[in-house]
Each structure stands twice: as C-alpha cells, then as structure tokens.
Amino acid sequence: VAEMNKDAQMRATINQKLIETGERERLKELLRAKLIECGWKDQLKAHCKDVIKEKGLEHVTVDDLVAEITPKGR
C-alpha cells in the first residue's frame, strides 16, 4: 500500500511539473500529430462508420459507439 501511494505521489508530482512547464500540452500535441500521421484517426473514424452501418443509425447511441470503438482505439 505504501509503495502504491509513493507511485501515485510521484506520478502527481511529475504531472504537475509537466503542466507547469507547458511540456504536457506540447506532448499531447505531438501525440495527436503522430496519431493523425500514422492514420489512427482515419482508421477509428472508419470503424465508427462501420459500426453505425452494421447496427443502423437509429439503433446506435453515443455510449454504444464509445463502448464498441474503445478497445480498437486503445
């Protein structure tokens, strides 16, 4: 338990430093650009369209769509 608290505290400290320096936003932008560059965003969008076509627009909720695409997105 003490080890988990230590890890959580360390993560919080690192996150705070990343936020303070602006590095967190820079890293997020870099990741976003790399995901677009490698086609991840387009693949996920296509998967969403496939799910909607398969189930029918009237039968798909946002929650259903999120549940369906999250494993592939990860």
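**View 1. Cys38 is exposed, with a relative accessible area of 54%.** Exposed means over 50% relative accessible area, buried under 20%, and partly exposed in between (1.4 Å probe, protein chains only). The model is predicted: local features need pLDDT of at least 70, side-chain atom pairs count only at pLDDT 80 or more, and totals for chains, interfaces and linings use all residues. Residues are numbered from 1 along each chain as its sequence is written, and side-chain values use heavy atoms, with hydrogens and water left out.

**View 2. Cys48 counts as buried, at 17% relative accessibility.** The whole structure, when searched, gives 0 disulfides (pairs of cysteine sulfur atoms within 2.5 Å). For Cys48, which is in no disulfide, the nearest cysteine sulfur is that of Cys38, 16 Å away.

**View 3. Helices α3 (residues 40-55) and α4 (residues 62-73) pack at an angle of about 145 degrees, their axes 10 Å apart.** Helices are DSSP runs (H or I, at least four residues), numbered from the N terminus. Axes are lines fitted to C-alpha atoms over the stretch in contact, and angles run from 0 to 180 degrees between N-to-C directions. In the contact (heavy atoms within 4.5 Å), α3 contributes Trp40, Leu44, His47, Cys48, Val51, Ile52 and Lys55, while α4 contributes Leu65, Glu68, Ile69, Lys72 and Gly73. These residues divide into 7 nonpolar, 2 polar and 3 charged; Ala, Val, Leu, Ile, Met, Phe, Trp, Tyr, Cys and Pro count as nonpolar, Asp, Glu, Lys and Arg as charged, and the others, Gly among them, as polar.

**View 4. Ile19 lies in helix α1 (residues 2-21).** Ile19 is partly exposed, with a relative accessible area of 45%. From Ile19 to Lys45 the C-alpha to C-alpha distance is 30 Å, at a sequence separation of 26 residues.

Definitions and conventions:
Helices (H or I, at least four residues) and strands (E, at least two) are DSSP runs, numbered from the N terminus.
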